[in-house]
Amino acid sequence: MSVQSIASPALATHTFLEHKSSSIYCEHLAAVRNLAGCNGRPEWTAAAAAAGGGRRRRQRQGRLGMIVRARGGGGQAAKPSPIFVLKEKPERKPLHQDMSGAGLQEEIDLGTFKVDPDHRSGYIALVGRPNVGKSTLLNQIIGQKLSIVTNKPQTTRHRILGICSTPEYQMILYDTPGVILKKLRKLDDMMMQNVRTATLNADCVLVVVDACHSPEQVMDMLEDGATTVTDRRPTLLVLNKKDLIKPGEIAKKKEWYQKHSGVDEVIAASAKQGTGVDEVKQWLLGHLPYGPAYYPKDIVSEHPERFFVAEIVREKIFLQYRQEIPYACQVNVVNYMERRLNKDFIEVEIIAEKESQKGVLIGKEGHALKLLSTAARLDIEDFVGKEVYLELKVKVKENWRENEELLDDYGYNGKIRT
């Protein structure tokens, strides 16, 4: 089947359906792999690969979390799914809760079940300036890629919840948007509200700073940009990117932050290389409260699957396009149908603010959109563990970053449509 361009560029929507069997596919595959990184397939499925492929439904649930999908039979769309709320801590789970099997709860004698008194669990908020490495650090702690990572600031917009569990503990980490002091749009205000909410829910605060930058009063920055984080919550400062500066400079900056930042401890690390991450985890573990788990131990996030699909597409936009285009785009998964005998069908809309931005996204004869679609599809297939049929649409909604109603609908109020 050949590449198809559906709908005229003059229409409000431009759609691109992309197939492996297309004649154009091989021509731009090399460019796609460069765009995707890691030979075209970043490690979205590290945990599943370790388990031996991770293609069965049960394994996918363990990898992706509490999956909520719009299901369709024979191509028919399902009813709208509920809203997923990221506002407050859930109640602690009194059991380990590997209870996916029918009747499993009835098989457990609750009267004799004992909770490990040494088990620790709690929430950790990752906060800091844009582009200091918070998302990379979260991915390292979790052990697989949840937060998208680019070399551009303000890539993270939502609070990304990642869960790191062992029999002895459960760390629930919030990767938050970068703290900005000058809020230019309503979107900026709502992102900083997400930082505030995550921090107020936290049992520990992990402040990440860039070792390449001059030391600064991070607590003043956080109070001005988001919220006060030192209500005697244990606070760790991670001096990230230590691989980029000399050891002597690291020692000087650690000493400065230990004297002037007001945090409990400073640890130098390189999230990109993974050095110092174990030390960070050990410090966090020593400061989490005792108690049972909040979530089942076999999930890594409670975000719906389609949320991560949208994030993958948005990451590719950041990697492929320059200047204002990535920041002016919003990505929504408008339809996700799991089909037993065929590829899953995923319909994604990309919202731009101007017609000129739409033209850049599509590119000449749709080439830019084709490149974006293929790069995103490769990572989505790795993430969900099967082939998918990806449809991209580009729409224009002027000034959406100032429209509070649209921002609420897109989930920036902490409510994500599943």
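Helix H4 supplies the largest share of the lining of the largest pocket, namely five residues. Please keep in mind that this is a predicted model. The space in that pocket comes to about 860 Å³. Its lining counts 33 residues, and those closest to the pocket centre are Gly133, Thr136, Val149, Thr150 and Lys272. Two elements give two or more residues to this lining: helix H4, which spans 134-142, and helix H9, which spans 305-320. Sorted by class, the lining holds 17 polar, eight nonpolar and eight charged residues.

I now turn to the rings. A pair of aromatic rings is described by the distance of the centres and the angle of the planes. How many aromatic pairs does a search of the whole structure find? The search finds eight. In one of them, the ring centres of Phe307 and Phe308 are 5.5 Å apart and the planes stand at 85 degrees, so this pair is edge-to-face. Phe307 and Phe308 are both buried.

Trp400 and Tyr410 also form an edge-to-face pair, because their planes are at 70 degrees, with the centres 5.9 Å apart. Trp400 sits in the loop between strand S12 (388-396) and helix H12 (404-409), and Tyr410 in the loop between H12 and strand S13 (415-417), so the pair ties together parts that are ten residues apart in sequence. Trp400 and Tyr410 are likewise buried.

Two further items remain. Tyr123, Tyr174 and Tyr294 make up one aromatic cluster. Finally, Arg120 lies over the face of Tyr290, 3.9 Å from the ring centre.

Key:
Residues numbered from 1 in each chain as written. Predicted model: local features only at pLDDT ≥ 70, side-chain atom pairs only at ≥ 80, totals over all residues. Heavy atoms only, no water. Phe/Tyr/Trp six-rings, centres within 6.5 Å; stacked < 30°, edge-to-face > 60°. Buried < 20%, exposed > 50% of the residue type's maximum accessible area, 1.4 Å probe, protein only. Helix = DSSP H or I, 4+ residues; strand = E, 2+ residues; numbered from the N terminus. Lys NZ or Arg CZ within 6 Å of the ring centre and 35° of its normal. 1 Å grid on protein atoms, 1.4 Å probe; cavity = no way out; pocket = protein on both sides within 12 Å on 5 of 7 lines; lining within 4 Å. Points joined across faces, edges and corners; volume = space filled by probe spheres on them. Nonpolar A, V, L, I, M, F, W, Y, C, P; charged D, E, K, R; others polar.
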